[in-house]
Amino acid sequence: LDAGQAQRFGIRLLAGRCYTVIGAGSPSIRDLSLRLLDAGGKELKRDTTKNSFPTLDTQPCIKTEGSYTLRVSVESGEGQFGVQVFSD
């Protein structure tokens, strides 16, 4: 992705579970951002770091099971990235 671009991933989250999302951008990405959106598009969580290794956790844990969207965007720089969702 180039600066200002984003990619969305649909994920299914279970009620009562806590999740951690970890992102990793190539060295040419200076700021990679993560946002978790509910089914209606409302932002629930976002990382607040300005680096290429963002993390996001769902504390408190997810209350409503369903479809969510993970939005990954490059705020500064360009390049490839990877994300992984972990559950307790």
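1. Buried denotes a relative accessible area under 20%, exposed one over 50%, and partly exposed the range in between, with a 1.4 Å probe and protein chains only. By this criterion C18 is buried, with a relative accessible area of 11%, whereas C61 is partly exposed at 26%.

2. The model is predicted: local features need pLDDT of at least 70, side-chain atom pairs count only at pLDDT 80 or more, and totals for chains, interfaces and linings use all residues. Residues are numbered from 1 along each chain as its sequence is written, and side-chain values use heavy atoms, with hydrogens and water left out.

3. The structure contains 1 disulfide (a pair of cysteine sulfur atoms within 2.5 Å). It joins C18 to C61, with an S to S distance of 1.5 Å. The pair links distant parts of the chain, 43 residues apart: C18 is in the loop between strand 1 and strand 2 (19–25), and C61 in the loop between strand 5 (55–57) and strand 6 (66–77). Strands here are DSSP runs (E, at least two residues), numbered from the N terminus.

4. D47 belongs to the loop between strand 4 (43–46) and strand 5. D47 is buried yet has no salt bridge, and the nearest side chain of opposite charge, R35, is 6.5 Å away. A salt bridge requires a side-chain nitrogen of Lys or Arg within 4 Å of a carboxyl oxygen of Asp or Glu; for charge, Lys and Arg count as positive and Asp and Glu as negative, while His and the chain ends are not counted.

5. The side chain of D47 does have polar partners. A polar atom of this side chain lies 2.6 Å from the backbone nitrogen of L34, and a polar contact of 2.9 Å joins the side chains of D47 and T49. A polar contact is a pair of N or O atoms within 3.5 Å; within protein, one must be able to donate a hydrogen and the other to accept it, and residues adjacent in sequence count only if both atoms are side-chain atoms.

Definitions and conventions: Helix = DSSP H or I, 4+ residues; strand = E, 2+ residues; numbered from the N terminus.
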